[in-house]
Amino acid sequence: MVHHHKSNRAVEGNPDDRRGMPLRPNVDQLERRIQEDLRDVGLRVKKPERPAKQYEEILNEVDREVDRGEMPSGKMSRAEREPYPPTRYDR
């Protein structure tokens, strides 16, 4: 018989009432295990970027697209903007 490496409570929920879904994985623990596995097989482990840095990069890209005219900005009045959704009827 094959034995589980986890307890029934961790795999199946509460075995006393025999219902419930499996528990959600601990994301931090899962990330730590992935990093350990990558190190064990000799692959480079890159550090995750800080959320603030990711936010700054996205904000800078949005600003660049607005400056180039690729993305409309919220500085136009409602009358100046195209109707959304576009309509085939005359105004």
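Is Glu61 buried, partly exposed or exposed, and what is its relative accessible area? Glu61 is partly exposed, with a relative accessible area of 29%. Here, buried means under 20% relative accessible area, exposed means over 50%, and partly exposed lies in between (1.4 Å probe, protein chains only).

A note before you look: this is a predicted model, in which local features need pLDDT of at least 70 and side-chain atom pairs count only at pLDDT 80 or more, while totals for chains, interfaces and linings use all residues. Residues are numbered from 1 along each chain as its sequence is written, and side-chain values use heavy atoms, with hydrogens and water left out.

View 1. Helix α2 covers residues 27–40. Helices are DSSP runs of H or I with at least four residues, numbered from the N terminus. With 14 residues, α2 reaches 20 Å from its first C-alpha to its last, close to the 20 Å expected at 1.5 Å a residue; the expected span is 1.5 Å times one less than the number of residues. At the start of α2, look for Asn26: a side-chain oxygen of this residue reaches to within 3.1 Å of the backbone nitrogen of Asp28. Just after α2, Gly42 takes a positive phi of about 90°.

**View 2. Gln35 and its contacts.** Gln35 sits in helix α2. This residue counts as buried, at 14% relative accessibility. Leaving aside neighbours within four places in sequence, Gln35 is in contact (heavy atoms within 4.5 Å) with Val45 and Lys46.

**View 3. Arg64 meets Glu61.** These two side chains form a salt bridge of 2.7 Å, N to O. A salt bridge is a side-chain nitrogen of Lys or Arg within 4 Å of a carboxyl oxygen of Asp or Glu. Arg64 and Glu61 are separated by about one helical turn because they are three residues apart in helix α3 (residues 51–68). An α-helix has 3.6 residues a turn, so residues three or four places apart point the same way. Arg64 is partly exposed, with a relative accessible area of 42%.

**View 4. Arg68 and its two partners.** The structure holds three salt bridges. One of them joins the side chains of Arg68 and Glu61 (3.9 Å, N to O). Arg68 also forms a salt bridge with Glu70, where the closest N and O atoms are 3.5 Å apart. Arg68 counts as exposed at 51% relative accessibility, and Glu70 is exposed with a relative accessible area of 52%. Through shared partners, salt bridges join Glu61, Arg64, Arg68 and Glu70 into one network.

How values were computed: Helices (H or I, at least four residues) and strands (E, at least two) are DSSP runs, numbered from the N terminus. A polar contact is a pair of N or O atoms within 3.5 Å; within protein, one must be able to donate a hydrogen and the other to accept it, and residues adjacent in sequence count only if both atoms are side-chain atoms.
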